[in-house]
Amino acid sequence: MKFEKDLLGIKNLDADQIHYILKKAEGMKKIIFSDCKKATNLAGKSVMTLFYENSTRTRTSFELAAKYLGAIASNMAVSSSSVKKGETLIDTTRTINVMGTDCFVIRHENAGAPHLVAQNVDATVINAGDGMNEHPTQALLDFFTMYEKMGTVEGKKVAIIGDIYHSRVARSDTYGLLKLGAEVVMAGPRTLLPSDLESLGVKMYTDVDKAIKDADVVMPLRLQLERQKNCFFPSGYEYSKYFGVNEERMKLAKEGAIIMHPGPVNRGLELQSALYAPDKSAIDEQVTNGVAVRMAVLDTFVNRG
Ligand code: CP
């Protein structure tokens, strides 16, 4: 299977490439739970994580994924780097590139930042989230979790709820789910529903109950308060009442429907706190699968060809 140098978005992958990565992740997951978490796929390769925005899951799982595959994994701490002296993104990554880096994993608050880096370094660039644009590895781990729990995503109804406007996860999930044959519906306050996804065939509702009705997967999204400069809804109380996913609302979904959330969770706001439990939602499984999928992504892109 042929892949480009970089993984910049789900937009750039076709269904066969997505399936290839997910299949490879199945094997990688076995390594995570083995006694010897040390494969040699990336032995001798150097992977640098570079996060201009905060992260727990993505950064840590990329670091573990690289280490489980035998790579030399390093993290550049942006807050104590020469970025604070004004060094540009291109100069920073050029500098690290000539240290012998084979792969950059980059998160940045500006959409398109990983794309800019990819044009200026010969190392592979993996987008770990760029502004409100894409978060491709989150989408891949979401697909992996859906396949694991349902066998297929084709014909399944996925309801994405809440702060869609600011969500790079919603965009990457939508691009991929439509390629994989799923139905995607969204619901949230009108102020947090973007128009760009509607044109792809996504149904938008302001009534959450309509979106959740008969859904196979219900995915509330984190309210990204750090990106909200304007007042998008009256209060947290009203938000949770009208748009929060809770046990009562889940009765509208298909029997056995899965609750997923990319994390971190605002407990009691977009998701009833009791539903953030291993027997109620797939959130912990998503986190585990994130390591497996990132191992598969690193192996696929760094060892391409
Ligand atoms: N889902 C996600 O990207 O989580 P982190 O911000 O913790 O990496």
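1. The ligand shell divides into 1 nonpolar, 7 polar and 2 charged residues. Pro counts as nonpolar here, Arg as charged, and Gly among the polar residues. The members are N54, S55, T56, R57, T58, R107, H135, Q138, P262 and G263; a residue belongs if one of its heavy atoms lies within 4 Å of the molecule.

2. The model is predicted: local features need pLDDT of at least 70, side-chain atom pairs count only at pLDDT 80 or more, and totals for chains, interfaces and linings use all residues. Residues are numbered from 1 along each chain as its sequence is written, and side-chain values use heavy atoms, with hydrogens and water left out.

3. Polar contacts (pairs of N or O atoms within 3.5 Å) come next. A polar backbone atom of T56 is 2.9 Å from a ligand oxygen. H135 places a polar side-chain atom 2.9 Å from an oxygen of the ligand. For Q138, a polar side-chain atom lies 3.1 Å from a ligand nitrogen. The protein covers 91% of the 260 Å² of accessible area that the ligand has on its own (Shrake-Rupley method, 1.4 Å probe).

4. Where does the ligand lie relative to domain 1 and domain 2? Both domains give residues to the shell, so the ligand lies between them. An automatic or database assignment sets the bounds: domain 1 is 10-134 + 287-302, and domain 2 is 136-281.

5. The domain centres, taken over C-alpha atoms, are 25 Å apart. Across the interface, 32 residues of domain 1 are in contact with 25 of domain 2 (heavy atoms within 4.5 Å).

Methods:
A polar contact is a pair of N or O atoms within 3.5 Å; within protein, one must be able to donate a hydrogen and the other to accept it, and residues adjacent in sequence count only if both atoms are side-chain atoms.
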